[in-house]
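Here is my note on the model you sent. Please read it with the structure open.

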Amino acid sequence: MSLQQEVMTALKEAMKAKNQTALTALRAVKSAILLAKTESGAGDELTEEQELKLLQKQVKQRKDSAALYVEQGREDLAAPELAEAEVISKFLPEALSEEEIEKVVVAVIDQVGAEGMKDMGKVMGIVSKQLAGQADGKTISNIVRAKLS
């Protein structure tokens, strides 16, 4: 089942359950999918990689917004953002632990023969592709930086 079909099914369930938080989050995902499909050069269907990036972007936006609200002392506004991020996260693959990410990073460093920070871009590119949807870029970057320095 495609992401759009999964979102539509979840949207219907949220409507039946009168879950406003889930409705808001799922409508945003549905809108983002439709926008991505109508962009110039996009085909009728999104690839799995495009879907993962789209979902990660939606989750990141909500977490960033929540962080700003907390920073400004508005926990009342941060809570719904985090709840929406949680709803969207259910469509992403299971996130890897830092130890699992570290194993992949070490393997790629050995494979590429990276010897220092000058090779960070090479390593980041390969690791990011391998762990698409399973780890965020910031975590990967921190681990790569620690291993290469």
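1. Surface. Accessible areas are computed by the Shrake-Rupley method with a 1.4 Å probe, and for residues only the protein chains shown count as cover. On that basis the protein exposes about 9,400 Å². Carbon and sulfur atoms supply 51% of that area.

2. Ground rules. This is a predicted model, in which local features need pLDDT of at least 70 and side-chain atom pairs count only at pLDDT 80 or more, while totals for chains, interfaces and linings use all residues. Residues are numbered from 1 along each chain as its sequence is written, and side-chain values use heavy atoms, with hydrogens and water left out.

3. Fold. The protein has seven helices and zero strands. Along the sequence the pattern reads α-α-α-α-α-α-α. Helices (H or I, at least four residues) and strands (E, at least two) are DSSP runs, numbered from the N terminus. The C-alpha atoms fill a box of roughly 55 × 45 × 25 Å, taken along the principal axes.

4. Of the 149 residues, 34% count as buried. Buried means under 20% relative accessible area, exposed over 50%, and partly exposed in between (1.4 Å probe, protein chains only). A contact means heavy atoms within 4.5 Å. Of the contacts with a separation of 6 or more, 58% are between residues 24 or more positions apart.

5. A nonpolar core is a set of buried Ala, Val, Leu, Ile, Met, Phe, Trp, Tyr and Cys residues joined through side-chain atoms within 4.5 Å. The largest has 23 residues, and V7, L26, V29, I33, L54, L55 and F91 touch the most other members. The elements that give two or more residues to this core are α1 (3-17), α2, α3 and α4. Helix α2 gives the most, with eight residues.

6. Largest pocket. A pocket is found on a 1 Å grid over the protein atoms alone, as an open set of points with protein on both sides within 12 Å along at least five of seven lines; lining residues have an atom within 4 Å of a point. Grid points are joined across faces, edges and corners, and a volume is the space filled by probe spheres set on the points. The largest pocket has a volume of about 900 Å³. Of its 32 lining residues, Q56, K60, A135, D136 and G137 are the closest to the centre. Two or more lining residues come from each of α3 (48-71), α4 (75-89), α5 (98-112), α6 (120-130) and α7 (137-148). The largest share, nine residues, comes from α3.

7. The lining of the largest pocket divides into 13 nonpolar, seven polar and 12 charged residues. Ala, Val, Leu, Ile, Met, Phe, Trp, Tyr, Cys and Pro count as nonpolar, Asp, Glu, Lys and Arg as charged, and the others, Gly among them, as polar.

8. Second pocket. The second largest pocket has a volume of about 180 Å³. Of the 11 residues that line it, A32, A36, E39, L54 and K57 are the closest to its centre. Helices α2 (20-38) and α3 each give two or more residues to this lining.

9. One leucine. L68 lies in helix α3. L68 is partly exposed, because its relative accessible area is 47%.

Note on methods:
On a 1 Å grid over the protein atoms alone, a cavity is a set of points where a 1.4 Å probe fits but cannot get out, and a pocket is an open set with protein on both sides within 12 Å along at least five of seven lines; lining residues have an atom within 4 Å of a point.
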